[in-house]
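Welcome! Please take a moment to look at the sequence and the model below, and then we will walk through a few of the details together.

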Amino acid sequence: MKDKCKFRRLGTMLDCSRNATMNMTTMKRWIDLTSDMGYNALYLYLEDTYEVDDNPYFGYMRGGYSQKELKEIDDYAFARNMEVIPCIQTLGHLNQIAKWPVYKKHMDMDEILLVGDEAVYELIDKMFASLTKCLRTRTIHIGMDEAGKLGRGKYLDRNGKENPTDILLKHLNRVSEIGRKYDLQMPIWSDMFFSLAT
């Protein structure tokens, strides 16, 4: 008897943003185990735990992966017919970088990026550029979940009150435009469209 997967991708997701990241030995062991079970994808949830060019405080003191390490993970997985897909954040869940003064200008409030600010889109461009240098995949999960206070901070001061769904779509369009430069497919979490509609 031979099993055949009916999904193009079958994978696991590892949260590399809370508590600690896996060391390289453990990561490779995980790839071996899941590959042997027929998995062909590994999703790495990386809020700020990866190296971004020209951003030394991105993930500072968080034990994140260097570009060299991500490339090593990607090469190891590729040899086992596995695709490594980064899951990053391009709107909320960035409280770890928000604590550094250099990123204060990027934030709307709390952990949410400031929609419409060009410095934010320059940062996102560098995120994409850094990841595409070391990973073969052309899929980057761009997050955009659980940003319930979207548009209530600096954005409100600058632009006045706007429909949060419109703000989200404006941001999604800009991020998608940047991603197209790198020929990326960019899935997102869907919760914001439901929560903002209620």
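## Starting at Glu83

Let's begin with Glu83, which is partly exposed at 24% relative accessibility (buried is under 20% relative accessible area, exposed over 50%, and partly exposed in between, using a 1.4 Å probe and protein chains only). What does the side chain of Glu83 meet in a salt bridge? The partner is Arg9, with 2.8 Å from N to O (a salt bridge puts a side-chain nitrogen of Lys or Arg within 4 Å of a carboxyl oxygen of Asp or Glu). Because Arg9 sits in the segment before strand S1 (11-15) and Glu83 in strand S3 (residues 83-87), this pair ties together parts 74 residues apart in sequence. Helices (H or I, at least four residues) and strands (E, at least two) are DSSP runs numbered from the N terminus. Arg9 is also partly exposed, at a relative accessible area of 22%.

## How to read the numbers

The model is predicted, so local features need pLDDT of at least 70 and side-chain atom pairs count only at pLDDT 80 or more, while totals for chains, interfaces and linings use all residues. Residues are numbered from 1 along each chain as its sequence is written, and side-chain values use heavy atoms, with hydrogens and water left out.

## More links along the chain

How many salt bridges are there by this rule? The count is 16. One of them joins Asp32 and Arg80, whose closest N and O atoms are 2.8 Å apart. Asp32 belongs to helix H1 (residues 24-36) and Arg80 to the loop between helix H2 (67-78) and S3, so the pair links distant parts of the chain, 48 residues apart. Both ends are partly exposed: Asp32 has 22% relative accessibility, and Arg80 has 28%.

Next come Lys133 and Asp53, which form a salt bridge of 2.7 Å, N to O. Since Lys133 is in helix H4 (residues 118-134) and Asp53 in the loop between strand S2 (41-45) and H2, they tie together parts 80 residues apart in sequence. Asp53 is partly exposed, at 25% relative accessible area. Finally, salt bridges link Lys71, Asp74, Asp75 and Arg136 in a network.

Met61 is in the loop between S2 and H2 and counts as exposed, at 70% relative accessibility.
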